[in-house]
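Hello,

Here is the structure I promised to pass on to you. Please have it open while you read my notes below.

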Amino acid sequence: QVELVESGGGMVQPGGSLRLSCVASGPINGIDTMGWYRQSPGKERELVAQMSNTQGTLYSDSVKGRFTISRDNAKNSVYLQMNILNAEDTAVYYCNVQKISWGRSWSREIWGRGTLVTVSS
């Protein structure tokens with residue numbers, strides 16, 4: 001079984017930075033896409049950024065130029081460097097992997113439990 005564990009969330013002042021990490025653990029053979037979504041109170045979950053082995057890197061317009069996604073395939077990990085944070089970035093951030101081969105199985109999508117990011121003065 002594969003599990004995603006996020007870390008790095010917390011509270012930061014406007015203009016500050018945070019770095020989120022997500023590690024996928026289990027008998028993983030390969031992952032096509034790793035990324036981050038977020039959900040604010042009263043809003044739908046939205047894509048923040050993702051890196052795909054087949055489709056490249058994608059960012060939400062709202063974070064372009066401020067956030068940087070990276071991944072380490074050897075560690076089955078994905079990271080999100082978030083700079084120039086503002087109140088609108090406050091949300092629960094979820095790690096997401098897609099098209100993952102593990103053991104003798106294959107999963108279309110797996111989600112982490114989320115980590116809270118609060119931007120407030």
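D61 is exposed, because its relative accessible area is 64% (exposed means over 50%, buried under 20%, and partly exposed in between, with a 1.4 Å probe and protein chains only). D61 forms a salt bridge with K64, with 3.2 Å between the closest N and O atoms (a salt bridge is a side-chain nitrogen of Lys or Arg within 4 Å of a carboxyl oxygen of Asp or Glu).

Before you read on, please note that this is a predicted model, in which local features need pLDDT of at least 70 and side-chain atom pairs count only at pLDDT 80 or more, while totals for chains, interfaces and linings use all residues. Residues are numbered from 1 along each chain as its sequence is written, and side-chain values use heavy atoms, leaving out hydrogens and water.

Back to the charges. Side chains of opposite charge can pair when their charged atoms come close. The whole structure has five salt bridges, and R38, E46, R66 and D89 are joined in a network of them. R38 counts as buried because its relative accessible area is 5%. One partner of R38 is D89, at 2.9 Å from N to O. This pair links distant parts of the chain, 51 residues apart: D89 lies in the loop between β8 (77-82) and β9 (91-102), and R38 in strand β4 (residues 28-39) (strands are DSSP runs of E, at least two residues long, numbered from the N terminus). D89 is buried as well, with a relative accessible area of 1%. E46 also meets R38 in a salt bridge, at 2.8 Å from N to O, and E46 is partly exposed at 33% relative accessibility.

Now the rings. There are two aromatic pairs in the structure (rings of Phe, Tyr and Trp, the last by its six-membered ring, pair if their centres lie within 6.5 Å; planes under 30 degrees apart are stacked, over 60 edge-to-face and the rest tilted). Y37 and W111 have ring centres 4.9 Å apart and planes at 70 degrees, so they are edge-to-face. Y37 sits in strand β4 and W111 in strand β10 (residues 105-111), 74 residues apart. W111 is partly exposed, at 32%. Y94 and W111 are edge-to-face too, with 6.4 Å between centres and 85 degrees between planes.

Best wishes

Key
Helices (H or I, at least four residues) and strands (E, at least two) are DSSP runs, numbered from the N terminus.
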